[in-house]
Amino acid sequence: MSKIYIEGGVPLKGRIRVKGAKNSCLPIMAASLLVPGEITLCEIPDLEDVRTMTSLLRLLGVKVRHDRRNEKVELDSRHLITCTAPYGPVRRMRASFLVAGPLLTRMGRARISHPGGCAIGVRPIDLHLKGLVAMGAEFTMGDGFIDIVAPRLTGAHIYLDYPSVGATENILMAAVLASGTTRIDNAAAEPEVVDLANFLSSLGARIEGAGSSLITVEGVSSLKGGLAKPYTVIPDRIEAGTFMAAAAMTGGDLIIENVIPGHLTAVSAKLTEAGAEVETADSRTIRVRPRGRPRAVEIKTLPYPGFPTDLQPQFMALLTLAQGTSVIRETVFEKRFTQVEELARMGARIRIEGRSAIITGRQFLQGAAVRAADLRGGASLVLAGLAARGITEIRGLHHIRRGYSRLVGRLRSVGARIFISP
Ligand code: UD1
């Protein structure tokens, strides 16, 4: 079982380039099922979740070629062979459920292994199903699968009780080829939803309002891909935010390239409040330089444009070193504090009260042996290790690899003393 070793205390300095957004790649790859033709996607990083989506699509009959070196994926969905998404990929990655909308559209049926719970909370799929049912689908559950049938999908007015990212994306994908108009009210406004809408529009879909709480889709009769029409996914704002926190925690000076600063407004605001200098060097670059020890701040995670839950664990690591007492309130997922016990092993003082974490900052953390229990929790341990005194040893690497590509090598290129044991 490989481990990460970090000798902490080195300020990260230099330039680091952000990769394509994991949470754009996954729905966009799933959306390729809608097109009985070929699609080319650019800036698709070599991540474990991308590999899982690739193997799921292959099981469904899609021909997938991932040029990992050039981060390019070619998909050919002309001949689908099944509408069943089995236990393996769905258990590994809940985003596998994103194939439901496209499969229903293409095959009139989707049989998806029940996603069950996961490390950061219950994460139901009721809103996905509610939307699909409003469009004419029927579903049954049993034998560990959800069977959804819809010989024909019809546009509908759907109100989401919560602006779920996945539900918005699944309904959006089901709506583009449905007959008539679909309105998604209280839709998620995340940049990755906009990216999916832009991708679908580039194929001929008619979508308005993506990025707002009301998305309107006018169903069209077909979508058209083509290898000559590559689509480039947006940069990963969560990876960018992780590097921003790393710069602030290690007293470094990082120039983070390939970012869309507008996607990081809440993150930049919190870092500034914590005392770091965040400078938007140009439309694609952010520079982060801390001014002394971070200051305590209050953070509440919210749907976009609020502070992202996917950066909560990394900012918790930062705040363990802040001057004063910080409070983080997690409102999106109910159990997203898997990193707390591990951070405590490094000397962090964190108290959990319901959905809030109260963090009393310390002057320093001490390296220790810790274990990542989920993706972003794992990233927070890497950040803690980079800033801590002594050696940190992190197990559970497979979680981190789900969402960060070549993280160790890239952090080393900006000065970190970080290694992977075989
Ligand atoms: C996506 C992201 C994930 C991020 C999350 C919130 C992808 C692949 N993953 O996950 O990284 O942390 O958005 O920004 O894009 N909910 C329901 N019923 C549903 C669906 C969701 O109650 O049918 C609840 C969930 O339990 C959770 C909240 O809504 O409490 C947010 O979930 P959602 O926005 O759907 O997250 P995902 O799409 O799973």
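This is a predicted model: local features need pLDDT of at least 70, side-chain atom pairs count only at pLDDT 80 or more; totals for chains, interfaces and linings use all residues.
**Stop 1: the domains.** Start by colouring residues 3–19 plus 235–421 as domain 1, and residues 22–211 plus 228–232 as domain 2. Their C-alpha centres lie 30 Å apart. Now bring up the interface: 25 residues of domain 1 are in contact with 22 residues of domain 2. Between them the two domains bury about 1900 Å², and 50% of that is on carbon and sulfur atoms.

**Stop 2: H1 and H2.** Select residues 22–31 for helix H1 and 48–60 for helix H2; their axes sit 10 Å apart at an angle of about 5 degrees. The cut-off for roughly parallel is under 35 degrees, so H1 and H2 count as roughly parallel to each other. Show side chains next. From H1, pick Lys 22, Cys 25, Leu 26, Met 29 and Ala 30, which meet Asp 49, Val 50, Met 53, Thr 54 and Leu 57 in H2. Sort the residues of this contact by type and you get seven nonpolar, one polar and two charged.

**Stop 3: H5 and H6.** Jump to residues 126–134 (helix H5) and 165–175 (helix H6), which pack at about 25 degrees with their axes 8 Å apart. That angle makes H5 roughly parallel to H6. Look at the handedness too: the crossing of H5 and H6 is right-handed. To see who touches whom, select Leu 127, His 128, Gly 131 and Leu 132 in H5, then Gly 166, Ala 167, Asn 170, Ile 171 and Ala 174 in H6. The residues of the H5 contact with H6 come out as five nonpolar, four polar and no charged.

Conventions
Residues are numbered from 1 along each chain as its sequence is written. Side-chain values use heavy atoms; hydrogens and water are left out. Axes are lines fitted to C-alpha atoms, for helices over the stretch in contact, and angles run from 0 to 180 degrees between N-to-C directions. Helices (H or I, at least four residues) and strands (E, at least two) are DSSP runs, numbered from the N terminus. Angles under 35 degrees count as roughly parallel, over 145 as roughly antiparallel, 65 to 115 as roughly perpendicular and the rest as oblique. A crossing is left-handed if the near helix is turned anticlockwise from the far one by less than a right angle, and right-handed if clockwise. Contact means heavy atoms within 4.5 Å. Ala, Val, Leu, Ile, Met, Phe, Trp, Tyr, Cys and Pro count as nonpolar, Asp, Glu, Lys and Arg as charged, and the others, Gly among them, as polar. Domain bounds come from an automatic or database domain assignment. Buried area is the accessible area (1.4 Å probe) that two parts lose on being put together, summed over both.
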